[in-house]
Amino acid sequence: MKLQFSDYEKNDYRLTGIGSSILSPIAFCIGSRNVVGGHACRFSAFDRAARKLTLSEGEIGKFAAGMRLYLWSTAYDENSPYEIKIIAVDANAITLENDLAVTDEHVTRLAEWVGAVRDVNREAAAFAAGDLCFAVGDYATATGTLTLATGFAATAAGALSEARGD
């Protein structure tokens, strides 16, 4: 049975955090600068000159020019998570409006990067509480500071912790 959602951006019961990004109807957060819900993806290549990220996981059809990509590079990247506008989408890559302020060290760890875009059809809940938490896995929970939860029902808590995979 398909769930019917009200306009989730006007839902009185949705918790929001200061500067946080809630990317799907059943995603909730408290705190500041969190990213929660949406359609998650991973990357296999980054062309800095062309500002292009090649997807290794994720449905390219969920991406469109004009959307915002929320990107977690590493917990040790002081600029992460990023919020960047997508200006073009091709067969398996997205082009970003601006360059990423990532170091060469962070680029060498590209396999660890996780991204998310808004997905209004997602039916799996997610929750984040704290500061700079990134909970994009289905039924994921991230609490604390600089925590990442990307796996199915993953839970990351504390500081600089990650729960990846299913």
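This is a predicted model: local features need pLDDT of at least 70, side-chain atom pairs count only at pLDDT 80 or more; totals for chains, interfaces and linings use all residues.
Let's start with the strands. Strands of a sheet pair through backbone hydrogen bonds, either parallel or antiparallel. Look for strand β10, residues 126–131, and you will find strand β2, residues 27–32, paired with it in the parallel sense over six bridges. Within this pairing, C29 has A128 of β10 as its bridge partner. Strand β10 also pairs with strand β12, residues 141–145, again in the parallel sense, over five bridges. There, G130 stands opposite G144 in β12.

Now turn to an open sheet of five strands, where the order is β1-β3-β11-β13-β15 and the pairing is parallel. Which strands stand at the edges? They are β1 (21–22) and β15 (162–163); each has a single partner strand, so one side of each is left without a neighbour in the sheet. The partner of β15 is strand β13, residues 148–149, and the two pair over two bridges.

In soluble globular proteins, nonpolar side chains tend to be buried together. In this model, the largest nonpolar core has 19 residues, and those touching the most other members are F43, L53, F63, L69, I94, L100 and W113. Strands β4, β5, β6, β7 and β8 each supply at least two residues of this core. Take L100 as an example: leaving aside neighbours within four places in sequence, L100 is in contact with F46, R48, L71, Y82, I84 and W113. Apart from this core lies another, of 14 residues, including V36, A128, C133 and A140.

How values were computed: Residues are numbered from 1 along each chain as its sequence is written. Side-chain values use heavy atoms; hydrogens and water are left out. Two strands pair if DSSP finds at least two bridges between them. Helices (H or I, at least four residues) and strands (E, at least two) are DSSP runs, numbered from the N terminus. A nonpolar core is a set of buried Ala, Val, Leu, Ile, Met, Phe, Trp, Tyr and Cys residues joined through side-chain atoms within 4.5 Å. Buried means under 20% relative accessible area, exposed over 50%, partly exposed in between (1.4 Å probe, protein chains only). Contact means heavy atoms within 4.5 Å.
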